There are 2 protein chains.
Amino acid sequence: MNNQSLIQFLNSSNLVSEQAAQEIAAVFLPKEIAKDKFLLKEGRVCDEYLFLEAGFMRAFAHDTEGREITTDFYFGSSIVFEVSSFFTRTESHENIQATEPCMGWCISYEKLNMLFHSMPEFREFGRGVLVKGFASLKKRTLSMITETAEQRYEALLTTKPKIFQHASLKHIASYLGVTDTSLSRIRKEYTKK
Amino acid sequence: MNNQSLIQFLNSSNLVSEQAAQEIAAVFLPKEIAKDKFLLKEGRVCDEYLFLEAGFMRAFAHDTEGREITTDFYFGSSIVFEVSSFFTRTESHENIQATEPCMGWCISYEKLNMLFHSMPEFREFGRGVLVKGFASLKKRTLSMITETAEQRYEALLTTKPKIFQHASLKHIASYLGVTDTSLSRIRKEYTKK
DNA sequence: TTGCTTTCTTGCCAAATGACAAGAACTAAC
DNA sequence: GTTAGTTCTTGTCATTTGGCAAGAAAGCAA
């Protein structure tokens, strides 16, 4: 197994040296997830901190009426896990599903903590992941308040076009906070321009 | 100066021993913030990690039209700082203002990091703060998508009634993602029931 | 190919919310 | 008390979005 892309990812954060990156990456185990399989199901405790190397994933929760609400999309070199469940060891309200065949590298809560304790560099990296996630979540919350659905659509289209190549409009709609019906209309208006 | 409440707060997390809590608290400096003064102004780098002992604060950002959007309220024993700016040492997009006279305990980025490195217990505590903030932010985002403004109003009223005793309806409105006009109508409808 | 299922679009109408403006209620300054 | 400023409410009307149902389009399996 070649974990070069994980090493590269750790190293490119500028928080982890090449040497340390190799040590860290050695603790991760390869993980394949078939299309439609789950990395995490609601009700379970998230115990996998995944570096996604290839494929496409979607995180979603259920609202009170039982509808699926997409909370995030993941692809390419990114860290995939459910922060709250993973770190507080509580049942997740979210699901994380591979919508395309995925390949990546995984580490358990216990091993992650051991690494955090023994390698200050990796600790910094871990904090960086959390802080970045926090910032993008806050941006998303703010956009839900200050922007119209059409503005959010346009922003997603230009900043993360990849999502439109891999996710269904239904999933994108709930991520944007509208019904699929509304998204369809928004797209119609938008393409006119 | 009596930092007993900070020690108690650290200790009550169950992550920090009494002994360690005292050591940690000793590094914090007392901080008073007069009414209407800012703990953080947008454009500045947040360098204060504050334990708020008493008073009331509001965090807000500006949208593209220049309107103020309240992003959070703080009171009683809670940690107040802007995660992204503080940890990535970048300019904040947010303001944090005391809307009532405040008193608390403060630590700089540099000192916080020193403590994180030297005291694993405090590191765990710090992670806990981040993770809790993450979870509540995600909850908020989800509620913006799945609930009506009235449902969000009711939830805030029952889970954080204190906010209604200290914040103006205008500030609460933007926190809930509606105009003050709409909030006024929602309150009218709600009190009918 | 045929039939089945899912996704996406469209029309119609209702509900939620916003924009704007006016007025009422409250507060602070002098 | 008077004045000025702010907050909150209310009315009118427009816009955005949702709910529902029907149909079109696309994908999949037998």
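Let's start at DNA strand D, which 16 residues surround, the closest being Ala149(A), Val178(A), Ser182(A), Leu169(B) and Ser184(B). Here a residue is near a strand if its C-beta atom, placed from the backbone, lies within 6 Å of it. This is a predicted model, where local features need pLDDT of at least 70, side-chain atom pairs count only at pLDDT 80 or more, and totals for chains, interfaces and linings use all residues. Residues are numbered from 1 along each chain as its sequence is written, while chains are lettered from A and ligands numbered from 1 in the order in which they are written.

Which elements supply at least two residues each of the surface near DNA strand D? They are α6 (149–159) and α9 of chain A, plus α8 (169–176) and α9 of chain B. Helices (H or I, at least four residues) and strands (E, at least two) are DSSP runs, numbered from the N terminus. The most comes from α9(B), with 6 residues. By class, you will find 3 nonpolar, 7 polar and 6 charged residues on this surface. Ala, Val, Leu, Ile, Met, Phe, Trp, Tyr, Cys and Pro count as nonpolar, Asp, Glu, Lys and Arg as charged, and the others, Gly among them, as polar.

Now over to DNA strand C. It also has 16 residues around it, with Leu169(A), Ser184(A), Ala149(B), Val178(B) and Ser182(B) the closest. On this surface, α9(A) gives the most, with 6 residues.

How do the two chains relate? A rotation of 180° with 0.0 Å of shift along its axis superposes chain B on chain A, with an RMSD of 0.0 Å. The two copies are thus related as by a two-fold rotation axis. The superposition is by least squares on the C-alpha atoms of residues with pLDDT of at least 70 in both copies. Within chain B, the residue closest to the axis is Thr141(B), whose C-alpha is at 2.5 Å.

Next, the place where the chains meet.
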